[in-house]
Amino acid sequence: MKRKITKILDVAIHSINLILINYALSNMMALFRSSLLYILFFASEMWVFVQYRKSIETLSNSKTLANLLLVICAAIEIGLLYFFGIVSGKPIPFKL
């Protein structure tokens, strides 16, 4: 029973991390949409999705659950982007 609670807590922490990290990466993609850095942030976001799915599949031993949680987390991220929006602004170079 204690092991099951630990796994559930681990899955919840992984899910929250995925949502927060991908929300930040999506904001960075929006800031750099007219730059080649956009590709870097997009690739990073996809890599985080893949790593999340692998870790959930390892924890749960279920591909179906891993895919379902990935879709749910992606929907939550889209909801955050829709309801809270993206950070508005522009990148400013450092002054030396």
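Helix H2 passes helix H3 in a right-handed crossing (right-handed if the near helix is turned clockwise from the far one by less than a right angle, left-handed if anticlockwise). The model is predicted, so local features need pLDDT of at least 70 and side-chain atom pairs count only at pLDDT 80 or more, while totals for chains, interfaces and linings use all residues. Residues are numbered from 1 along each chain as its sequence is written, and side-chain values use heavy atoms, without hydrogens or water. Helices are DSSP runs of H or I with at least four residues, numbered from the N terminus.

**H2 and H3**
- The axes of H2 and H3 come within 8 Å and cross at roughly 140 degrees (axes are lines fitted to C-alpha atoms over the stretch in contact, with angles from 0 to 180 degrees between N-to-C directions).
- Residues of H2 including Phe49, Tyr52 and Ile56 meet residues of H3 including Leu69, Leu70 and Cys73 (contact means heavy atoms within 4.5 Å).

**H1**
- Helix H1 covers residues 2–31 and reaches 44 Å from its first C-alpha to its last, close to the 44 Å expected (1.5 Å times one less than the number of residues).
- Among the buried residues of H1 are Val11, Leu18, Ile19 and Leu25 (buried means under 20% relative accessible area with a 1.4 Å probe, protein chains only).
- The buried residues of H1 pack against H2 (37–60) and H3 (63–83).

**H3**
- Ala66, Leu69, Leu70, Cys73, Glu77 and Gly79 are the buried residues of H3.
- These buried residues of H3 pack against H1 and H2.

Definitions and conventions: Helices (H or I, at least four residues) and strands (E, at least two) are DSSP runs, numbered from the N terminus. Buried means under 20% relative accessible area, exposed over 50%, partly exposed in between (1.4 Å probe, protein chains only).
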